[in-house]
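Please open the model in your viewer and keep the selection panel at hand, as each stop on this tour begins with something to select.

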Amino acid sequence: MPPALALAVLDERRGSPLAQVIPSTLGEPLLWPGLDALLARCADLGLTANVTTNGTFPGRGPEGWGEALLPVASDVKVSWNGASAATAERIMAGLDFERAVEGVRRFAAVRDRVARTTGRRATLSFQVTAQEGNLDELPDIVRLAARLGVDRIKVNHLQVRTPALAARSLRRSPEAIARWNAVVAEVRAAAAGGPFPSGRPVVLQNVVPLAPDPAAPSPAGPCPFAGWEAWIHWDGRFGPCPHPAAAEGGLGDFGSVADVPLGRIWASEPFRRFVAGHLDHPVCRACAFRRVGGA
């Protein structure tokens, strides 16, 4: 995204209910040349940043990025998919697992230092994609997080965006679902067991059992996106959520902030109509982003 476009959106929303900026989808935000200016504008406008990174901390290292992000961030999520080098490096090609572990440890130390000096403490999270390749290591990921001082683990089920990913999904069959449900109990026990060097237990998100029949999923809670978040793609196109169908126009064409102010799109009749009826849309009815049971 051109940095000027991102800044223009924030300036147009000055004084609005906008509270948080999420500069990270389908890319590594720490490589984006506009991030420093965006963080500065967030600070100027009293907004927080919610950032997801792959944990390599390019260029500045954990300390440099911690000093840049943490005074403005509400949460920094590190993509994390294994408790062992073999699993983590297989899922995230090119990752140096031991270096990543040390990076999180150092970043957590900066978080604690910033909290002591400013009184403002951002959370540090692991964002985990649950799949066949790491299912058995999920409890150990929780234990590793506790040792490193990570505050929260957000688990997302693998999104099957291509046929090649179907065999890795834990929602694909009753057998796969049964294995996921068994591991849920282990993950919860790990989160409750400690010890917690930070003094805080690890918070779990989206770690809930699924109904045994893939064709009859557990009741899903409300959508956490539609009507709550504005998703703006790199070229300015507006989307109601991060679902791949939204990026492809499958939920509707709502315009672009490169042409129309965000506030006008948000209040537009097409978007309000979508928000009012989105749970009846076939994409939304089957969406895995809706938290099971509202969890």
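Select Cys-287 to begin: in this predicted model the residue is buried, with a relative accessible area of 14%. Cys-287 takes part in no disulfide, and the nearest cysteine sulfur, which belongs to Cys-241, is 6.3 Å away. A search of the whole structure finds zero disulfides.

Next, turn to the largest nonpolar core, which has 60 residues, and select Leu-69, Trp-80, Val-104, Phe-126, Leu-138, Ile-153 and Trp-180, the members that touch the most others. Helix H5, residues 97-118, contributes the largest share of this core, eight residues. Apart from this core lies another, of 20 residues, where you can pick out Trp-231, Leu-251, Leu-262 and Phe-271 among the members.

Now return to Phe-126 and display its surroundings: leaving aside neighbours within four places in sequence, Phe-126 is in contact with residues including Val-78, Trp-80, Val-104, Ile-141, Ile-153 and Lys-154.

Finally, select helix H1, residues 3-12, whose buried residues are Leu-5, Ala-6, Leu-7, Val-9 and Leu-10. What do the buried residues of H1 pack against? Colour strand E1 (20-21), helix H2 (35-45), strand E7 (231-232) and helix H9 (262-267), and you have the elements against which they pack.

Terms used:
Residues numbered from 1 in each chain as written. Predicted model: local features only at pLDDT ≥ 70, side-chain atom pairs only at ≥ 80, totals over all residues. Heavy atoms only, no water. Buried < 20%, exposed > 50% of the residue type's maximum accessible area, 1.4 Å probe, protein only. Helix = DSSP H or I, 4+ residues; strand = E, 2+ residues; numbered from the N terminus. Contact = heavy atoms within 4.5 Å. Core = buried A, V, L, I, M, F, W, Y, C linked by side-chain atoms within 4.5 Å. Disulfide = S-S within 2.5 Å.
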